[in-house]
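Welcome! Take a moment to turn the model around on your screen, and then let us walk through it topic by topic.

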Number of protein chains: 2
Amino acid sequence: MNRVTLHNEPAADTPVIGQKNIKTILKQLESDGIIGISVDCVIFGFDDNELKVLLIKSDLEKFDNKWSLLGDLVNNHEDLDEAAYRILRERTGMDDVYLEQVKAFGEVGRHPAARVVTIAYCSLINIEHHQLKILDNELHWHRVTTLSEMAFDHRKILDVCYEWLQKRIQEHPLGFSLLPKKFSLRELQNLYEAILDVKLDRRNFRKKFFSMELLEDTGELETDVPHRPGKLYKFNYDKYKKKERKKWFGIDF
Amino acid sequence: MNRVTLHNEPAADTPVIGQKNIKTILKQLESDGIIGISVDCVIFGFDDNELKVLLIKSDLEKFDNKWSLLGDLVNNHEDLDEAAYRILRERTGMDDVYLEQVKAFGEVGRHPAARVVTIAYCSLINIEHHQLKILDNELHWHRVTTLSEMAFDHRKILDVCYEWLQKRIQEHPLGFSLLPKKFSLRELQNLYEAILDVKLDRRNFRKKFFSMELLEDTGELETDVPHRPGKLYKFNYDKYKKKERKKWFGIDF
DNA sequence: AACTAGTGTGTATAAAATACACACAAAACA
DNA sequence: TGTTTTGTGTGTATTTTATACACACTAGTT
(Lines give C-alpha, C1' and ligand atoms only; values in the text may rest on other atoms or scores of the structure.)
Protein backbone atom coordinates (compact mmCIF):
# COMPACT_ATOMS: atom_id res chain seq x y z
CA MET A 1 0.00 0.00 0.00
CA ASN A 2 1.43 3.34 -1.02
CA ARG A 3 0.07 6.33 0.72
CA VAL A 4 2.13 9.18 -0.52
CA THR A 5 2.28 11.86 2.06
CA LEU A 6 3.87 15.18 1.27
CA HIS A 7 5.93 17.10 3.69
CA ASN A 8 7.00 19.91 1.39
CA GLU A 9 5.07 22.26 -0.76
CA PRO A 10 6.75 23.20 -4.04
CA ALA A 11 9.39 25.86 -3.47
CA ALA A 12 7.99 29.37 -3.46
CA ASP A 13 10.10 30.57 -6.39
CA THR A 14 8.73 27.86 -8.62
CA PRO A 15 6.10 29.30 -10.92
CA VAL A 16 2.92 27.30 -10.63
CA ILE A 17 2.10 25.80 -13.99
CA GLY A 18 -1.60 25.55 -14.50
CA GLN A 19 -3.93 25.03 -17.42
CA LYS A 20 -3.70 28.70 -18.34
CA ASN A 21 -0.14 29.11 -19.49
CA ILE A 22 0.63 25.52 -20.34
CA LYS A 23 0.31 26.13 -24.08
CA THR A 24 2.86 28.90 -24.02
CA ILE A 25 5.26 26.73 -22.13
CA LEU A 26 4.82 23.85 -24.55
CA LYS A 27 5.38 26.17 -27.49
CA GLN A 28 8.59 27.34 -25.89
CA LEU A 29 9.72 23.76 -25.24
CA GLU A 30 9.05 22.79 -28.82
CA SER A 31 10.91 25.70 -30.33
CA ASP A 32 13.89 24.99 -28.07
CA GLY A 33 13.85 21.30 -28.95
CA ILE A 34 13.38 20.32 -25.35
CA ILE A 35 11.50 17.34 -23.99
CA GLY A 36 8.78 18.25 -21.54
CA ILE A 37 7.79 16.13 -18.57
CA SER A 38 4.30 15.73 -17.26
CA VAL A 39 2.35 13.44 -14.99
CA ASP A 40 -1.10 12.11 -15.78
CA CYS A 41 -3.38 10.69 -13.12
CA VAL A 42 -5.79 7.89 -13.78
CA ILE A 43 -8.17 8.47 -10.91
CA PHE A 44 -10.48 5.55 -10.30
CA GLY A 45 -13.63 5.59 -8.27
CA PHE A 46 -16.31 3.02 -7.55
CA ASP A 47 -19.92 3.99 -7.74
CA ASP A 48 -23.16 2.24 -8.49
CA ASN A 49 -21.27 -1.04 -8.64
CA GLU A 50 -19.16 0.21 -11.50
CA LEU A 51 -15.58 1.30 -11.86
CA LYS A 52 -15.36 4.94 -12.88
CA VAL A 53 -12.53 7.18 -13.99
CA LEU A 54 -12.31 10.93 -13.49
CA LEU A 55 -11.81 12.84 -16.75
CA ILE A 56 -11.81 16.41 -17.98
CA LYS A 57 -12.61 17.95 -21.34
CA SER A 58 -9.43 18.55 -23.28
CA ASP A 59 -8.50 22.20 -23.69
CA LEU A 60 -6.66 21.63 -26.95
CA GLU A 61 -8.50 22.51 -30.15
CA LYS A 62 -7.17 19.39 -31.80
CA PHE A 63 -8.88 17.27 -29.18
CA ASP A 64 -12.06 19.24 -29.13
CA ASN A 65 -14.73 17.44 -27.18
CA LYS A 66 -12.45 14.54 -26.30
CA TRP A 67 -11.90 13.43 -22.75
CA SER A 68 -8.53 13.72 -21.12
CA LEU A 69 -6.82 12.47 -18.00
CA LEU A 70 -5.91 14.92 -15.31
CA GLY A 71 -2.33 15.96 -15.74
CA ASP A 72 0.15 18.76 -15.68
CA LEU A 73 3.76 19.54 -16.41
CA VAL A 74 6.12 18.58 -13.63
CA ASN A 75 7.43 21.47 -11.66
CA ASN A 76 11.13 22.03 -11.58
CA HIS A 77 11.48 21.53 -7.87
CA GLU A 78 8.98 18.83 -7.16
CA ASP A 79 9.35 15.07 -7.27
CA LEU A 80 7.23 13.09 -9.69
CA ASP A 81 5.13 11.71 -6.84
CA GLU A 82 4.62 15.21 -5.54
CA ALA A 83 3.47 16.44 -8.91
CA ALA A 84 0.93 13.63 -9.17
CA TYR A 85 -0.20 14.33 -5.67
CA ARG A 86 -0.55 18.02 -6.39
CA ILE A 87 -2.86 17.31 -9.32
CA LEU A 88 -4.91 14.99 -7.20
CA ARG A 89 -5.23 17.56 -4.47
CA GLU A 90 -6.08 20.38 -6.86
CA ARG A 91 -8.73 18.38 -8.63
CA THR A 92 -10.35 16.35 -5.91
CA GLY A 93 -9.52 18.33 -2.82
CA MET A 94 -8.55 15.06 -1.23
CA ASP A 95 -5.51 14.22 0.80
CA ASP A 96 -4.10 10.94 1.99
CA VAL A 97 -5.02 9.13 -1.16
CA TYR A 98 -3.75 5.94 -2.70
CA LEU A 99 -1.35 6.83 -5.47
CA GLU A 100 1.15 4.79 -7.38
CA GLN A 101 3.24 5.21 -10.46
CA VAL A 102 2.35 2.86 -13.28
CA LYS A 103 4.32 3.66 -16.39
CA ALA A 104 6.06 6.31 -18.45
CA PHE A 105 4.74 7.09 -21.91
CA GLY A 106 7.15 8.86 -24.18
CA GLU A 107 6.39 8.20 -27.82
CA VAL A 108 7.65 10.97 -30.02
CA GLY A 109 4.34 12.01 -31.50
CA ARG A 110 2.08 11.54 -28.50
CA HIS A 111 1.55 15.26 -27.85
CA PRO A 112 0.70 17.51 -30.78
CA ALA A 113 2.23 20.68 -29.36
CA ALA A 114 5.63 19.42 -28.26
CA ARG A 115 7.64 16.41 -27.26
CA VAL A 116 6.28 15.51 -23.86
CA VAL A 117 7.09 12.42 -21.83
CA THR A 118 4.40 11.67 -19.29
CA ILE A 119 4.50 9.55 -16.19
CA ALA A 120 1.17 7.85 -15.56
CA TYR A 121 -0.07 7.45 -12.02
CA CYS A 122 -2.96 5.41 -10.78
CA SER A 123 -5.05 6.71 -7.94
CA LEU A 124 -7.98 5.20 -6.11
CA ILE A 125 -10.41 7.35 -4.21
CA ASN A 126 -13.72 6.99 -2.47
CA ILE A 127 -16.04 8.67 -4.87
CA GLU A 128 -18.50 9.75 -2.19
CA HIS A 129 -15.95 11.78 -0.31
CA HIS A 130 -15.40 13.72 -3.48
CA GLN A 131 -18.99 14.20 -4.62
CA LEU A 132 -19.03 17.94 -3.85
CA LYS A 133 -16.57 19.41 -6.31
CA ILE A 134 -17.29 17.66 -9.52
CA LEU A 135 -19.78 20.12 -10.93
CA ASP A 136 -17.54 23.16 -10.52
CA ASN A 137 -15.57 22.51 -13.67
CA GLU A 138 -15.72 20.15 -16.62
CA LEU A 139 -14.79 17.12 -14.56
CA HIS A 140 -16.79 13.96 -15.00
CA TRP A 141 -16.80 10.41 -13.76
CA HIS A 142 -16.89 7.96 -16.63
CA ARG A 143 -17.47 4.26 -16.80
CA VAL A 144 -14.21 2.63 -17.79
CA THR A 145 -15.88 -0.11 -19.77
CA THR A 146 -17.93 2.00 -22.15
CA LEU A 147 -15.66 4.84 -23.04
CA SER A 148 -15.28 6.53 -26.40
CA GLU A 149 -12.18 8.05 -27.89
CA MET A 150 -9.91 10.13 -25.69
CA ALA A 151 -7.40 12.92 -26.21
CA PHE A 152 -3.67 12.28 -26.79
CA ASP A 153 -2.73 8.66 -26.08
CA HIS A 154 -4.85 8.78 -22.94
CA ARG A 155 -6.96 5.87 -24.03
CA LYS A 156 -3.82 3.75 -24.16
CA ILE A 157 -2.71 5.04 -20.78
CA LEU A 158 -6.08 4.29 -19.27
CA ASP A 159 -6.05 0.78 -20.70
CA VAL A 160 -2.61 0.10 -19.26
CA CYS A 161 -3.64 1.46 -15.87
CA TYR A 162 -6.85 -0.55 -15.87
CA GLU A 163 -5.01 -3.76 -16.62
CA TRP A 164 -2.49 -2.83 -13.99
CA LEU A 165 -5.33 -2.38 -11.53
CA GLN A 166 -6.94 -5.70 -12.39
CA LYS A 167 -3.73 -7.49 -11.62
CA ARG A 168 -2.71 -5.39 -8.69
CA ILE A 169 -5.98 -5.67 -6.83
CA GLN A 170 -5.58 -9.41 -6.57
CA GLU A 171 -2.16 -9.19 -4.98
CA HIS A 172 -2.38 -6.05 -2.88
CA PRO A 173 -5.05 -4.50 -0.72
CA LEU A 174 -5.81 -1.53 -2.95
CA GLY A 175 -9.47 -2.06 -3.31
CA PHE A 176 -10.35 -0.73 0.11
CA SER A 177 -9.32 2.74 -1.03
CA LEU A 178 -12.33 2.72 -3.32
CA LEU A 179 -14.71 1.87 -0.50
CA PRO A 180 -15.75 3.66 2.66
CA LYS A 181 -13.64 2.85 5.71
CA LYS A 182 -16.35 0.50 6.88
CA PHE A 183 -17.82 -1.76 4.25
CA SER A 184 -19.82 -4.91 3.91
CA LEU A 185 -18.48 -8.03 2.32
CA ARG A 186 -21.02 -7.67 -0.43
CA GLU A 187 -19.64 -4.27 -1.33
CA LEU A 188 -16.16 -5.71 -1.40
CA GLN A 189 -17.22 -8.55 -3.64
CA ASN A 190 -19.10 -6.20 -5.96
CA LEU A 191 -15.90 -4.21 -6.26
CA TYR A 192 -13.85 -7.22 -7.27
CA GLU A 193 -16.50 -8.47 -9.63
CA ALA A 194 -16.78 -5.09 -11.32
CA ILE A 195 -13.07 -4.50 -11.71
CA LEU A 196 -12.25 -8.00 -12.87
CA ASP A 197 -15.47 -8.53 -14.79
CA VAL A 198 -16.03 -11.96 -13.30
CA LYS A 199 -18.69 -13.62 -11.18
CA LEU A 200 -17.44 -15.00 -7.89
CA ASP A 201 -18.98 -17.45 -5.48
CA ARG A 202 -20.10 -15.54 -2.43
CA ARG A 203 -19.21 -18.22 0.10
CA ASN A 204 -15.76 -18.83 -1.29
CA PHE A 205 -15.11 -15.13 -1.52
CA ARG A 206 -15.94 -14.71 2.17
CA LYS A 207 -13.90 -17.73 3.10
CA LYS A 208 -10.89 -16.36 1.23
CA PHE A 209 -10.98 -12.98 2.89
CA PHE A 210 -11.64 -14.29 6.37
CA SER A 211 -8.79 -16.76 6.04
CA MET A 212 -6.43 -13.83 5.44
CA GLU A 213 -7.46 -12.52 8.84
CA LEU A 214 -7.09 -8.92 7.77
CA LEU A 215 -10.72 -7.87 8.05
CA GLU A 216 -11.88 -6.54 11.37
CA ASP A 217 -15.48 -6.84 12.43
CA THR A 218 -16.54 -3.36 13.50
CA GLY A 219 -19.60 -4.66 15.32
CA GLU A 220 -21.72 -2.34 13.21
CA LEU A 221 -24.33 -3.24 10.62
CA GLU A 222 -25.44 -1.81 7.31
CA THR A 223 -28.31 0.63 7.52
CA ASP A 224 -31.03 1.60 5.05
CA VAL A 225 -30.99 -1.69 3.24
CA PRO A 226 -34.34 -3.32 2.42
CA HIS A 227 -33.21 -6.68 3.73
CA ARG A 228 -31.19 -8.23 6.48
CA PRO A 229 -28.23 -5.88 7.04
CA GLY A 230 -24.71 -7.16 6.60
CA LYS A 231 -21.89 -6.71 9.03
CA LEU A 232 -19.46 -3.86 8.44
CA TYR A 233 -15.75 -4.59 8.36
CA LYS A 234 -12.61 -2.56 8.10
CA PHE A 235 -9.27 -3.53 6.69
CA ASN A 236 -6.40 -3.84 9.13
CA TYR A 237 -3.50 -2.15 7.37
CA ASP A 238 -1.15 -2.46 10.31
CA LYS A 239 -1.51 -6.19 10.43
CA TYR A 240 -1.04 -6.37 6.69
CA LYS A 241 2.17 -4.39 6.80
CA LYS A 242 3.63 -6.66 9.43
CA LYS A 243 2.99 -9.74 7.34
CA GLU A 244 6.14 -11.04 5.70
CA ARG A 245 6.04 -11.22 1.95
CA LYS A 246 6.98 -14.49 0.40
CA LYS A 247 9.09 -14.29 -2.70
CA TRP A 248 8.04 -17.65 -4.06
CA PHE A 249 4.49 -17.92 -5.38
CA GLY A 250 4.96 -20.69 -7.87
CA ILE A 251 5.77 -20.46 -11.53
CA ASP A 252 2.75 -20.04 -13.74
CA PHE A 253 2.48 -18.59 -17.18
CA MET B 1 7.22 -11.32 -23.86
CA ASN B 2 8.44 -7.99 -25.11
CA ARG B 3 10.96 -8.07 -27.84
CA VAL B 4 11.39 -4.50 -28.87
CA THR B 5 12.32 -4.26 -32.49
CA LEU B 6 13.28 -0.96 -33.99
CA HIS B 7 12.28 0.13 -37.41
CA ASN B 8 13.70 3.64 -37.35
CA GLU B 9 17.08 4.98 -36.55
CA PRO B 10 17.13 8.36 -34.78
CA ALA B 11 16.63 11.18 -37.28
CA ALA B 12 19.84 12.29 -38.94
CA ASP B 13 19.61 15.87 -37.67
CA THR B 14 19.52 14.72 -34.07
CA PRO B 15 22.91 15.21 -32.46
CA VAL B 16 24.09 11.99 -30.89
CA ILE B 17 24.50 12.45 -27.20
CA GLY B 18 27.31 10.35 -25.85
CA GLN B 19 29.36 10.25 -22.70
CA LYS B 20 31.64 13.01 -24.01
CA ASN B 21 29.38 16.01 -24.13
CA ILE B 22 26.79 14.92 -21.63
CA LYS B 23 28.20 17.14 -18.89
CA THR B 24 27.95 20.24 -21.03
CA ILE B 25 24.39 19.43 -21.88
CA LEU B 26 23.48 18.87 -18.24
CA LYS B 27 25.09 22.15 -17.25
CA GLN B 28 23.01 23.88 -19.90
CA LEU B 29 19.82 22.19 -18.69
CA GLU B 30 20.51 23.19 -15.12
CA SER B 31 21.18 26.82 -15.92
CA ASP B 32 17.99 26.97 -17.98
CA GLY B 33 15.97 25.35 -15.23
CA ILE B 34 14.96 22.50 -17.51
CA ILE B 35 14.30 18.91 -16.54
CA GLY B 36 16.44 16.44 -18.41
CA ILE B 37 15.24 13.00 -19.32
CA SER B 38 17.33 9.88 -19.53
CA VAL B 39 16.98 6.13 -19.66
CA ASP B 40 18.99 3.70 -17.54
CA CYS B 41 19.30 0.05 -18.40
CA VAL B 42 19.57 -2.65 -15.79
CA ILE B 43 21.13 -5.37 -17.90
CA PHE B 44 20.99 -8.76 -16.26
CA GLY B 45 22.98 -11.80 -17.24
CA PHE B 46 23.32 -15.29 -15.80
CA ASP B 47 26.74 -16.81 -15.39
CA ASP B 48 28.30 -19.37 -13.11
CA ASN B 49 24.87 -19.99 -11.60
CA GLU B 50 24.62 -16.41 -10.44
CA LEU B 51 22.62 -13.41 -11.55
CA LYS B 52 24.90 -10.65 -12.79
CA VAL B 53 24.34 -7.04 -13.76
CA LEU B 54 26.34 -5.06 -16.29
CA LEU B 55 27.83 -1.87 -14.85
CA ILE B 56 30.25 0.86 -15.82
CA LYS B 57 32.51 3.10 -13.79
CA SER B 58 30.88 6.46 -13.25
CA ASP B 59 32.47 9.31 -15.13
CA LEU B 60 31.43 11.92 -12.59
CA GLU B 61 34.04 13.08 -10.10
CA LYS B 62 31.48 13.03 -7.35
CA PHE B 63 30.92 9.32 -7.90
CA ASP B 64 34.55 8.48 -8.32
CA ASN B 65 35.06 4.75 -8.34
CA LYS B 66 31.39 4.02 -7.94
CA TRP B 67 29.54 1.75 -10.32
CA SER B 68 26.79 3.06 -12.52
CA LEU B 69 24.06 1.65 -14.71
CA LEU B 70 24.27 2.11 -18.45
CA GLY B 71 22.26 5.12 -19.44
CA ASP B 72 22.05 8.19 -21.57
CA LEU B 73 19.91 11.22 -22.21
CA VAL B 74 16.93 10.58 -24.42
CA ASN B 75 17.27 11.95 -27.89
CA ASN B 76 14.76 14.45 -29.05
CA HIS B 77 13.39 12.33 -31.83
CA GLU B 78 13.52 8.86 -30.36
CA ASP B 79 10.98 7.02 -28.28
CA LEU B 80 11.92 5.94 -24.79
CA ASP B 81 12.06 2.30 -25.85
CA GLU B 82 14.30 3.28 -28.73
CA ALA B 83 16.66 5.13 -26.44
CA ALA B 84 16.95 2.13 -24.14
CA TYR B 85 17.47 -0.12 -27.09
CA ARG B 86 20.15 2.17 -28.48
CA ILE B 87 22.09 1.99 -25.23
CA LEU B 88 21.80 -1.75 -25.21
CA ARG B 89 23.05 -1.99 -28.75
CA GLU B 90 25.92 0.42 -28.19
CA ARG B 91 27.10 -1.37 -25.09
CA THR B 92 26.52 -5.00 -25.81
CA GLY B 93 26.44 -5.11 -29.58
CA MET B 94 23.35 -7.25 -29.23
CA ASP B 95 20.10 -7.01 -31.07
CA ASP B 96 16.75 -8.68 -30.51
CA VAL B 97 17.04 -8.51 -26.77
CA TYR B 98 14.46 -8.69 -24.03
CA LEU B 99 13.76 -5.17 -22.83
CA GLU B 100 11.01 -3.76 -20.70
CA GLN B 101 10.33 -0.53 -18.92
CA VAL B 102 10.19 -0.84 -15.15
CA LYS B 103 9.82 2.54 -13.53
CA ALA B 104 10.56 6.25 -13.73
CA PHE B 105 12.78 7.80 -11.09
CA GLY B 106 12.51 11.52 -10.74
CA GLU B 107 13.48 12.70 -7.30
CA VAL B 108 14.67 16.27 -7.33
CA GLY B 109 18.15 15.66 -6.01
CA ARG B 110 18.95 12.37 -7.67
CA HIS B 111 21.46 13.79 -10.14
CA PRO B 112 24.11 16.18 -8.84
CA ALA B 113 24.55 18.14 -12.06
CA ALA B 114 20.96 18.89 -12.99
CA ARG B 115 17.38 17.83 -12.57
CA VAL B 116 17.14 14.60 -14.51
CA VAL B 117 14.21 12.22 -14.62
CA THR B 118 15.27 8.76 -15.66
CA ILE B 119 13.23 5.87 -16.98
CA ALA B 120 14.61 2.54 -15.84
CA TYR B 121 14.56 -0.41 -18.21
CA CYS B 122 15.26 -4.01 -17.44
CA SER B 123 17.05 -6.12 -19.99
CA LEU B 124 17.98 -9.78 -19.98
CA ILE B 125 20.74 -11.11 -22.18
CA ASN B 126 22.67 -14.28 -22.64
CA ILE B 127 25.99 -13.40 -21.13
CA GLU B 128 27.95 -15.78 -23.34
CA HIS B 129 26.83 -14.14 -26.55
CA HIS B 130 28.25 -10.93 -25.19
CA GLN B 131 31.52 -12.23 -23.75
CA LEU B 132 33.67 -10.55 -26.42
CA LYS B 133 33.20 -6.86 -25.83
CA ILE B 134 33.34 -6.49 -22.10
CA LEU B 135 37.05 -5.82 -21.80
CA ASP B 136 37.12 -2.98 -24.31
CA ASN B 137 35.88 -0.41 -21.84
CA GLU B 138 35.22 -0.18 -18.13
CA LEU B 139 32.24 -2.47 -18.30
CA HIS B 140 31.94 -5.23 -15.77
CA TRP B 141 29.52 -7.93 -14.81
CA HIS B 142 28.70 -7.78 -11.10
CA ARG B 143 26.93 -10.15 -8.80
CA VAL B 144 23.65 -8.55 -7.81
CA THR B 145 23.70 -10.01 -4.33
CA THR B 146 27.07 -8.72 -3.15
CA LEU B 147 27.24 -5.24 -4.51
CA SER B 148 28.66 -2.20 -2.83
CA GLU B 149 27.56 1.39 -3.14
CA MET B 150 26.63 2.72 -6.54
CA ALA B 151 26.52 6.13 -8.22
CA PHE B 152 23.42 8.34 -8.20
CA ASP B 153 20.35 6.45 -6.99
CA HIS B 154 21.35 3.50 -9.10
CA ARG B 155 21.42 1.17 -6.17
CA LYS B 156 17.78 1.96 -5.57
CA ILE B 157 16.98 1.48 -9.25
CA LEU B 158 18.78 -1.84 -9.32
CA ASP B 159 16.93 -3.02 -6.23
CA VAL B 160 13.58 -2.12 -7.74
CA CYS B 161 14.46 -3.86 -10.99
CA TYR B 162 15.70 -6.94 -9.20
CA GLU B 163 12.51 -7.24 -7.21
CA TRP B 164 10.58 -6.63 -10.38
CA LEU B 165 12.50 -9.48 -11.99
CA GLN B 166 11.90 -11.85 -9.11
CA LYS B 167 8.19 -11.34 -9.44
CA ARG B 168 8.07 -11.16 -13.20
CA ILE B 169 10.00 -14.34 -13.81
CA GLN B 170 7.35 -16.36 -12.03
CA GLU B 171 4.55 -15.04 -14.18
CA HIS B 172 6.17 -14.57 -17.55
CA PRO B 173 8.70 -16.51 -19.58
CA LEU B 174 11.56 -14.04 -19.25
CA GLY B 175 14.11 -16.38 -17.86
CA PHE B 176 14.86 -18.05 -21.16
CA SER B 177 16.42 -14.83 -22.40
CA LEU B 178 19.20 -15.38 -19.89
CA LEU B 179 19.91 -18.89 -21.16
CA PRO B 180 21.13 -20.26 -24.46
CA LYS B 181 18.38 -21.16 -26.93
CA LYS B 182 18.78 -24.78 -25.95
CA PHE B 183 19.07 -25.49 -22.29
CA SER B 184 18.75 -28.30 -19.82
CA LEU B 185 16.15 -28.37 -17.11
CA ARG B 186 18.90 -28.20 -14.55
CA GLU B 187 20.12 -24.91 -16.02
CA LEU B 188 16.59 -23.57 -15.92
CA GLN B 189 16.13 -24.59 -12.33
CA ASN B 190 19.50 -23.11 -11.35
CA LEU B 191 18.34 -19.86 -12.91
CA TYR B 192 15.16 -19.76 -10.88
CA GLU B 193 16.91 -20.77 -7.70
CA ALA B 194 19.56 -18.10 -8.17
CA ILE B 195 17.16 -15.28 -8.99
CA LEU B 196 14.65 -16.13 -6.29
CA ASP B 197 17.19 -17.33 -3.75
CA VAL B 198 15.22 -20.44 -2.93
CA LYS B 199 15.77 -24.17 -3.14
CA LEU B 200 13.28 -26.03 -5.29
CA ASP B 201 12.45 -29.68 -5.56
CA ARG B 202 13.81 -30.99 -8.82
CA ARG B 203 10.97 -33.36 -9.58
CA ASN B 204 8.24 -30.85 -8.86
CA PHE B 205 10.07 -28.22 -10.88
CA ARG B 206 10.16 -30.53 -13.88
CA LYS B 207 6.57 -31.52 -13.39
CA LYS B 208 5.51 -27.88 -13.32
CA PHE B 209 7.29 -26.93 -16.51
CA PHE B 210 6.25 -30.01 -18.41
CA SER B 211 2.65 -29.50 -17.42
CA MET B 212 2.75 -26.06 -19.07
CA GLU B 213 3.63 -27.84 -22.31
CA LEU B 214 5.76 -24.96 -23.50
CA LEU B 215 9.12 -26.73 -23.51
CA GLU B 216 10.11 -28.55 -26.66
CA ASP B 217 12.47 -31.48 -26.55
CA THR B 218 15.17 -30.75 -29.11
CA GLY B 219 16.31 -34.36 -29.19
CA GLU B 220 19.80 -33.16 -28.30
CA LEU B 221 21.76 -33.82 -25.14
CA GLU B 222 24.19 -31.88 -23.04
CA THR B 223 27.84 -32.37 -23.91
CA ASP B 224 31.01 -32.09 -21.85
CA VAL B 225 29.35 -32.92 -18.58
CA PRO B 226 31.07 -35.40 -16.25
CA HIS B 227 27.86 -37.34 -15.69
CA ARG B 228 24.79 -38.53 -17.52
CA PRO B 229 23.88 -35.73 -19.94
CA GLY B 230 20.51 -34.05 -19.65
CA LYS B 231 18.13 -33.43 -22.50
CA LEU B 232 18.15 -30.01 -24.12
CA TYR B 233 14.89 -28.12 -24.48
CA LYS B 234 13.80 -24.92 -26.06
CA PHE B 235 10.94 -22.65 -25.13
CA ASN B 236 8.04 -22.44 -27.56
CA TYR B 237 7.24 -18.73 -27.69
CA ASP B 238 4.63 -19.10 -30.42
CA LYS B 239 2.60 -21.53 -28.38
CA TYR B 240 2.92 -19.26 -25.36
CA LYS B 241 1.66 -16.23 -27.25
CA LYS B 242 -1.40 -18.11 -28.43
CA LYS B 243 -2.36 -19.05 -24.89
CA GLU B 244 -5.19 -16.96 -23.55
CA ARG B 245 -4.43 -15.04 -20.42
CA LYS B 246 -6.79 -15.43 -17.54
CA LYS B 247 -7.61 -12.32 -15.59
CA TRP B 248 -8.60 -14.15 -12.44
CA PHE B 249 -5.75 -15.71 -10.46
CA GLY B 250 -7.27 -15.63 -7.01
CA ILE B 251 -6.97 -13.00 -4.36
CA ASP B 252 -3.94 -13.39 -2.18
CA PHE B 253 -2.07 -10.83 -0.16
C1' DA C 1 -48.45 -13.33 9.01
C1' DA C 2 -46.42 -14.10 4.88
C1' DC C 3 -43.09 -12.36 1.41
C1' DT C 4 -38.75 -10.67 -0.29
C1' DA C 5 -34.02 -10.11 -0.63
C1' DG C 6 -29.73 -10.68 0.84
C1' DT C 7 -26.84 -12.41 4.98
C1' DG C 8 -24.36 -16.14 7.26
C1' DT C 9 -22.47 -20.73 7.53
C1' DG C 10 -20.40 -26.02 6.38
C1' DT C 11 -19.22 -29.88 3.77
C1' DA C 12 -17.99 -32.77 -0.08
C1' DT C 13 -15.14 -32.90 -4.21
C1' DA C 14 -11.60 -31.69 -7.35
C1' DA C 15 -7.30 -29.74 -8.34
C1' DA C 16 -2.76 -28.30 -7.20
C1' DA C 17 1.37 -28.23 -4.43
C1' DT C 18 4.45 -30.74 -1.83
C1' DA C 19 7.30 -34.49 -0.07
C1' DC C 20 9.78 -38.21 -1.09
C1' DA C 21 12.99 -42.87 -3.39
C1' DC C 22 14.88 -45.61 -6.74
C1' DA C 23 16.53 -47.02 -11.43
C1' DC C 24 19.51 -45.16 -15.12
C1' DA C 25 23.44 -43.31 -18.03
C1' DA C 26 27.73 -41.32 -19.02
C1' DA C 27 32.41 -40.07 -17.50
C1' DA C 28 36.30 -40.93 -14.54
C1' DC C 29 39.16 -43.84 -12.49
C1' DA C 30 41.18 -47.98 -10.99
C1' DT D 1 36.45 -53.85 -17.94
C1' DG D 2 34.12 -53.05 -13.87
C1' DT D 3 33.43 -49.94 -10.15
C1' DT D 4 32.56 -45.28 -8.47
C1' DT D 5 30.69 -40.80 -9.00
C1' DT D 6 27.35 -37.58 -10.24
C1' DG D 7 23.39 -35.91 -11.84
C1' DT D 8 19.29 -37.43 -15.01
C1' DG D 9 14.62 -39.28 -15.36
C1' DT D 10 10.33 -40.89 -13.47
C1' DG D 11 5.74 -42.02 -10.10
C1' DT D 12 2.98 -42.05 -6.06
C1' DA D 13 1.10 -40.81 -1.61
C1' DT D 14 -0.13 -36.80 1.20
C1' DT D 15 -1.38 -32.28 2.18
C1' DT D 16 -3.17 -28.05 0.95
C1' DT D 17 -5.99 -25.11 -1.63
C1' DA D 18 -9.80 -24.06 -4.77
C1' DT D 19 -14.28 -25.04 -6.24
C1' DA D 20 -19.09 -26.33 -6.18
C1' DC D 21 -23.09 -26.34 -3.88
C1' DA D 22 -27.89 -25.75 -0.13
C1' DC D 23 -30.32 -24.34 3.66
C1' DA D 24 -31.42 -21.59 7.84
C1' DC D 25 -31.67 -16.71 9.34
C1' DT D 26 -33.18 -11.73 9.70
C1' DA D 27 -34.71 -7.25 8.81
C1' DG D 28 -37.83 -4.62 6.16
C1' DT D 29 -42.08 -4.58 3.33
C1' DT D 30 -46.75 -5.75 2.19
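α6(B) gives the most to the surface near DNA strand C, with three residues; helices here are DSSP runs of H or I with at least four residues, strands are runs of E with at least two, and both are numbered from the N terminus. "Near" means that a residue's C-beta atom, placed from the backbone, lies within 6 Å of the molecule or strand. This is a predicted model, in which local features need pLDDT of at least 70 and side-chain atom pairs count only at pLDDT 80 or more, while totals for chains, interfaces and linings use all residues. Residues are numbered from 1 along each chain as its sequence is written, and chains are lettered from A and ligands numbered from 1 in the order in which they are written.

**Around DNA strand C**

- In total, 18 residues surround DNA strand C, and the closest are A:R186, A:R203, A:G230, A:K231 and B:R228.
- Both protein chains take part: α5 (185–196) and α6 (202–212) of chain A, together with α6 (202–212) of chain B, each supply at least two residues of this surface.
- By type, the surface near DNA strand C has three nonpolar, six polar and nine charged residues. Here Ala, Val, Leu, Ile, Met, Phe, Trp, Tyr, Cys and Pro count as nonpolar, Asp, Glu, Lys and Arg as charged, and the others, Gly among them, as polar.

**Around DNA strand D**

- Now look at DNA strand D: 19 residues surround it, with A:R228, B:R186, B:H227, B:G230 and B:K231 as the closest.
- At least two residues of this surface come from each of α6 of chain A, α5 (185–196) of chain B and α6 of chain B.
- Which helix gives the largest share of the surface near DNA strand D? That is α6(A), with three residues.
- The surface near DNA strand D divides into three nonpolar, six polar and 10 charged residues.

- Between the chains, 34 residues of chain A are in contact with 34 residues of chain B; contact means that the C-beta atoms, placed from the backbone, lie within 7 Å.
- On chain A, the elements that give two or more residues to the side touching chain B are β5 (98–105), β6 (116–124) and α4 (154–171).
- That side of chain A divides into 16 nonpolar, nine polar and nine charged residues.
- The copies meet through the same surface, because 100% of the interface residues of chain A are also interface residues in chain B.

- Is strand β1 (residues 36–47) of chain B mostly covered or uncovered? It is mostly covered, with 11 of its 12 residues buried. A residue is buried if 20 or more other C-beta atoms lie within 10 Å of its own, exposed if 12 or fewer, and partly exposed in between, with C-beta atoms placed from the backbone.
- The largest nonpolar core has 112 residues, and those with the most contacts inside it are A:V42 and B:V42. Such a core is a set of buried Ala, Val, Leu, Ile, Met, Phe, Trp, Tyr and Cys residues joined through C-beta atoms within 7 Å.
- Leaving aside neighbours within four places in sequence, the contacts of B:V42 include B:V53, B:L69, B:Y121 and B:I157.
- β1(B) pairs in the parallel sense with strand β6 (residues 116–124) of chain B over nine bridges; two strands pair if DSSP finds at least two bridges between them. One bridge partner in β6(B) is B:V116, for B:G36.
- β1(B) also pairs in the antiparallel sense with strand β4 (residues 70–73) of chain B over four bridges, and B:D40 stands opposite B:G71.
- Strand β2 (residues 50–57) of chain B runs antiparallel to β1(B), joined by four bridges. These two strands form a hairpin with two residues between them, and B:D48 in the turn has a positive phi of about 55°.

**A three-stranded sheet in chain A**

- This open sheet has the order β8-β10-β9 (chain A), with antiparallel pairing.
- Its edge strands, β8 (183–184) and β9 (215–221) of chain A, each pair on one side only.
- β9(A) and strand β10 (residues 231–235) of chain A pair over four bridges, and A:L215 has A:F235 as its bridge partner.

Methods. Contact = placed C-beta atoms within 7 Å.
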